[in-house]
Amino acid sequence: MSQAKLWYNGRGENWKQGLPIGNGRIGAVVYGGGEQETWCITELTYWSGKTERIAGNGAGKAGLQRMREAFFRGDYNEGDRLAKEQLQPPKRNFGTNLSVCDVVLHFGHSGTDVVRELDLEQATASMTYSVPDQRSSVHDAAGFAGGQAGAPRTRHAREVLASNVDGVIAARMSADQAGSVSFALGVKGRSGPFAAVVTGDDTIAFHGQAIEEMHSDGKCGVRCQGQIRIVTCGGSVRGTAEQLVVTGADEAYVYLTVHTDYGQTSDAWATQSGERLEAAASKGYERLREDHIADYRSLYDRVSLDMGPAAAGVSLLPTDERMRRLRQEGHEDAELVALFFQYGRYLTIAGSRSDSPLPLHLQGVWNDGEANRMAWSCDYHLDVNTQMNYYQAEIANLAECHVPLMNYIERLAEFGRLAAEDFYGCQGWVAHVFSNAWGFTAPGWETGWGLNVTGGLWIAMHLKEHYEYGLDRAFLTKQAYPVMKEAAVFFLDYMVVHPEKGWLVTGPSNSPENSFYPSDREQGAQQLSMGPTMDQVLVRDLFAFCLAAARQLDVDQHLQAKLEEAIPLLPPLQIGSKGQLQEWLEDYEEAQPEHRHLAHLFALYPGNQITPRDTPELSAAARQTLLGRMTDELEDIEFTAVLFATGFSRLLEGDRALWHMNHLIGELCFDNLLTYSKAGVAGADTNIFIIDGNYGGTAAVADMLLHSHAGAVHLLPALPSAWREGSFKGLRARGGIEVDAAWSDGLLTEAILYASVEGQAIVRIGDLEAQLELEAGMAYRLDANLHILERTAAAR
């Protein structure tokens with residue numbers, strides 16, 4: 001069995017055992033068995049809600065000053081009361097992403113020897129199984145007749161893919177006996193009004209609207225139109241009142257596409273599905289599949305990861321059995337970690353392509369309906385979840401998949417100018433704890449969690465990261481710097497000098513979703529304060545980036561002067577009385593020491609203000625923070641496991657990082673390796689699929705193998721002792737560099753650096769360090785001591 005496959009013996013009972021496919025806009029989760037198969041269809045822009053301006057109360061800077069005065073004198077309850085008056089808008093038509101429909105295929109026979117696979121190298125989901133030979137069976141609209149006892153067995157195969165090239169989901173149903181493919185296909189809606197109509201003998205047309213009453217008024221939302229067509233080789237296909245029925249075919253091909261009116265200014269979108277479907281059917285499945293695989297592999301094949309052979313027989317086990325061994329028996333399985341790494345890259349390509357109209361939401365491009373049922377929203381959480389969805393994009397060599405987020409941030413900044421004006425009376429732009437498809441940038445409707453004033457800045461840091469990896473001057477000039485500059489304008493206008501400390505601080509704001517006790521404990525647990533650590537870390541990175549970019553581009557001299565004046569006034573990172581990194585400006589007592597969020601550790605990962613080499617005291621404090629959260633009461637969810645893994649990776653503690661990766665894979669994944677947040681946290685009444693753990697886990701594995709955040713290309717910085725031998729190819733480092741490396745007995749044997757731009761690079765392994773002069777288009781092969789063995793034209 002290929003190492004690049006998720007595979008299972010037996011049927012997929014439900015969505016949580018289904019196999020996800022996607023083309024960057026349309027997603028599907030495929031589950032079932034021989035008798036029935038379901039495709040849960042989703043579309044990235046299928047959102048309820050609408051664009052609307054959320055107005056503040058008009059108090060602006062004067063109101064901001066009053067609430068700040070309350071916080072500065074230690075009256076947190078009064079400060080919170082004033083904040084609620086000015087900075088807590090009502091919930092209106094925020095909306096949520098909704099799933100579109102289920103495509104249900106009835107085959108009328110039970111299969112044995114069922115094997116389901118998700119091939120990560122070809123981006124195809126498949127199933128094979130056996131049934132008694134049914135060539136003499138009769139099928140009608142009511143069902144299928146069974147085969148005779150003792151009859152020969154027919155081997156059936158199904159394959160489903162989602163093509164970005166052709167914009168469709170396509171499937172092939174086949175068998176090793178001619179005339180054995182028979183099934184009935186129907187469609188049922190999953191959200192809001194939905195209707196499907198059989199049009200002719202081979203096509204179903206459907207339409208719907210994404211409306212609901214939990215996150216909006218039940219009247220506003222995107223409309224969709226889609227079509228499904230079946231083409232057969234041999235046999236027949238005919239339409240009934242509600243289904244398409246295939247009888248006695250040698251093979252059958254199913255094509256599906258759906259489009260919405262999101263962002264459309266005319267009705268031309270309504271014809272797109274028919275046009276796409278016609279083109280796909282004319283092209284044919286084989287050519288469509290060939291183009292799909294070539295397109296997908298142009299991204300996927302950039303990176304390989306080999307962790308050495310698994311223990312005897314382990315590679316032959318189904319994926320869920322390997323997860324069970326890891327969970328219940330504690331067996332190390334480096335090959336499973338490598339599979340999880342590549343699965344995260346697969347899910348990135350499937351969910352986010354350069355032409356995707358929106359970025360990945362809380363469940364990627366998929367949606368099981370559970371988040372909406374529990375009053376969560378499949379939205380863009382800006383206090384870690386959406387950021388983590390793209391932590392892997394650059395280092396895992398999928399920069400093009402990062403583009404939808406870049407475009408979204410640019411649009412977010414446009415809406416954020418209104419929020420800056422309406423709520424603060426400030427210039428520039430701001431966004432808070434979450435956003436949606438409609439440009440929501442106002443504070444959330446409860447200040448305790450909704451007044452995260454640096455949520456928009458946090459997501460905008462991806463512009464900085466995208467530039468640092470690729471060094472694309474055009475991107476810096478046209479997109480990254482203009483957006484970041486306007487964020488800097490806001491914070492320069494918004495921040496205030498602390499009357500006692502003399503520091504330039506934000507506030508009132510929260511440290512995402514966490515709480516503390518002030519020195520006057522009788523005021524109770526609080527969430528709002530002045531100058532939370534997370535804010536100051538982000539603002540320092542913002543100001544430093546904008547100053548460096550303005551100097552590089554030789555623009556905005558006045559802004560440069562203001563930034564030069566402001567940066568020395570920013571608060572330093574501080575160490576608390578328990579040796580921890582302070583989460584707030586004051587050394588408050590934590591109200592929830594077990595809390596799931598670790599936002600202030602942005603300074604450690606993905607930031608670089610804390611590094612063991614340059615800031616050992618702060619590194620020790622960050623370590624204490626991580627250890628302090630690792631209690632029996634920890635809110636143990638997917639993104640927290642990732643934060644532990646990445647944090648320990650940055651502290652060069654590979655074994656600890658691997659423990660948390662194993663915990664993520666073994667304890668916080670459904671059978672289909674999709675990550676979840678545990679029941680009981682944040683109001684969830686069941687384990688709920690949240691995809692950031694998949695993407696963040698991929699980033700964590702890559703980070704254990706390669707650092708480039710602290711001014712050097714650091715090879716194998718946090719290599720776990722269990723990973724005795726292995727190799728990787730194609731990981732990216734900042735500065736336009738790709739890296740290959742191999743190791744044996746835990747020691748580097750060889751590395752190759754591929755330079756896409758000219759410049760200097762410091763390369764590090766352990767205590768060894770070398771400086772290289774890189775020439776664009778050249779490759780540099782290094783030995784274990786970082787000596788250059790060969791310099792050749794890059795073969796990438």
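**Close-up views of a predicted model**

**View 1. Helices α4 and α6 are oblique to each other.** In this predicted model, the axes of α4 (residues 285-300) and α6 cross at roughly 125° and come within 10 Å. The crossing in which α4 passes α6 is right-handed. On the α4 side, the contact is made by Y296, L299 and Y300, and on the α6 side by Q342, R345, Y346 and I349. Sorted by class, the residues of this contact are five nonpolar, one polar and one charged.

**View 2. Helix α6 lies across strands β2 and β4.** The helix spans residues 334-351 and runs at about 45° to β2. Strand β4 comprises residues 36-47, while β2 comprises residues 19-22 and is one of the edge strands of its sheet.

**View 3. An open sheet is formed by seven strands.** Their order is β2-β3-β4-β5-β12-β17-β16, with antiparallel pairing.

**View 4. Strands β12 and β17 pair in the antiparallel sense.** Strands of a sheet pair through backbone hydrogen bonds. Here, four bridges join β12 (residues 181-189) to β17 (residues 244-249). Within β17, A249 is the bridge partner of V181.

Technical notes:
Residues numbered from 1 in each chain as written. Predicted model: local features only at pLDDT ≥ 70, side-chain atom pairs only at ≥ 80, totals over all residues. Heavy atoms only, no water. Pairing = 2+ DSSP bridges. Helix = DSSP H or I, 4+ residues; strand = E, 2+ residues; numbered from the N terminus. Contact = heavy atoms within 4.5 Å. Axes fitted to C-alpha atoms, helices over the stretch in contact; angles between N-to-C directions. Parallel < 35°, antiparallel > 145°, perpendicular 65-115°, else oblique. Left-handed = near helix turned anticlockwise from the far one by under 90°. Nonpolar A, V, L, I, M, F, W, Y, C, P; charged D, E, K, R; others polar.
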